[in-house]
Amino acid sequence: MERDCLIVHGVAANLHECLFTISDSSQMHICGKCNNMTNVMQRSVQGGKARGPYCRFCESVENIVKVNVYMVQSYYAMSSSACAYLLSLTLRFASV
């Protein structure tokens with residue numbers, strides 16, 4: 001039965017359904033300039049403090065995009081950054 005499901009719906013559609021639609025989905029902020037994962041953090045700005053997505057590599061808040069990712073992918077990205085590995089993600093926008 002599972003084999004027939006994979007054949008009919010395709011492996012990619014089935015993985016997307018299992019990991020994203022049925023399971024937990026997550027959101028991640030990515031800098032559009034340097035393609036690195038950004039953090040939501042509190043930082044000092046002129047006139048006080050601000051909280052929001054901020055890229056430490058570009059030192060800017062511009063061109064930051066929020067994308068939907070699998071929870072497994074988000075967990076891997078956080079674990080890798082904790083071990084001081086730099087993840088560079090390529091953004092591709094689908095034409096509507």
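This briefing describes the pockets, strand pairing, nonpolar core and selected residues of the structure above. The model is predicted. Its largest pocket has a volume of about 200 Å³, and the second largest pocket holds about 160 Å³ of space. Strand S1 pairs with S4, and S2 pairs with S3.

**Largest pocket**

- The lining of the largest pocket consists of Asn36, Met37, Thr38, Asn39, Arg56, Phe57, Ser81, Tyr85, Leu86 and Leu87.
- By residue class, this lining comprises 5 nonpolar, 4 polar and 1 charged residues.
- Asn36, one of the lining residues, is located in the loop between S1 and strand S2 (39–45).
- Asn36 counts as buried because its relative accessibility is 7%, which falls under the 20% cut-off.
- Beyond its neighbours within four places in sequence, Asn36 is in contact with His29, Ile30, Cys31, Phe57, Leu86, Leu87 and Ser88. Phe57, Leu86 and Leu87 also belong to the lining of the largest pocket.

**Second largest pocket**

- The second largest pocket is lined by 11 residues, and those nearest its centre are Met28, Ile30, Val69, Gln73 and Leu89.
- Three elements, namely strand S1 (25–31), strand S4 (64–70) and helix H3 (71–82), each contribute at least two residues to this lining.
- H3 provides the largest share of the lining, with 3 residues.
- The lining of the second largest pocket contains 9 nonpolar residues, 2 polar residues and no charged residues.

- S1 and S4 run antiparallel and are joined by 7 bridges.
- Within this pairing, Met28 is placed opposite Val67 in S4.
- S1 is mostly covered, with 5 of its 7 residues buried.
- The largest nonpolar core has 6 residues in all: Met28, Ile30, Met37, Val67, Val69 and Ala77. S1 and S4 are the elements that give two or more residues to this core.
- Among the core residues are Met28, Ile30 and Val69, which are also listed as lying nearest the centre of the second largest pocket.
- Met37 belongs to the core as well, and Met37 also lines the largest pocket.

**Strands S2 and S3**

- S2 and strand S3 (48–54) pair in the antiparallel sense over 7 bridges.
- Arg43 stands opposite Ala50 in S3.
- The two strands, S2 and S3, form a hairpin with 2 residues between them. In the turn, Gly47 has a positive phi of about 95°.

- Ser60 counts as buried because its relative accessibility is 11%, a value under the 20% cut-off.
- With residues up to four places away in sequence not counted, Ser60 touches Lys33, Tyr54 and Cys55.
- Met1 belongs to the segment before helix H1 (2–9).
- Met1 counts as exposed because its relative accessibility is 87%, which is over the 50% cut-off.
- The C-alpha atoms of Met1 and Tyr76 are separated by 31 Å, and these two residues are 75 residues apart along the chain.

Definitions and conventions:
Residues numbered from 1 in each chain as written. Predicted model: local features only at pLDDT ≥ 70, side-chain atom pairs only at ≥ 80, totals over all residues. Heavy atoms only, no water. 1 Å grid on protein atoms, 1.4 Å probe; cavity = no way out; pocket = protein on both sides within 12 Å on 5 of 7 lines; lining within 4 Å. Points joined across faces, edges and corners; volume = space filled by probe spheres on them. Nonpolar A, V, L, I, M, F, W, Y, C, P; charged D, E, K, R; others polar. Helix = DSSP H or I, 4+ residues; strand = E, 2+ residues; numbered from the N terminus. Buried < 20%, exposed > 50% of the residue type's maximum accessible area, 1.4 Å probe, protein only. Pairing = 2+ DSSP bridges. Contact = heavy atoms within 4.5 Å. Core = buried A, V, L, I, M, F, W, Y, C linked by side-chain atoms within 4.5 Å.
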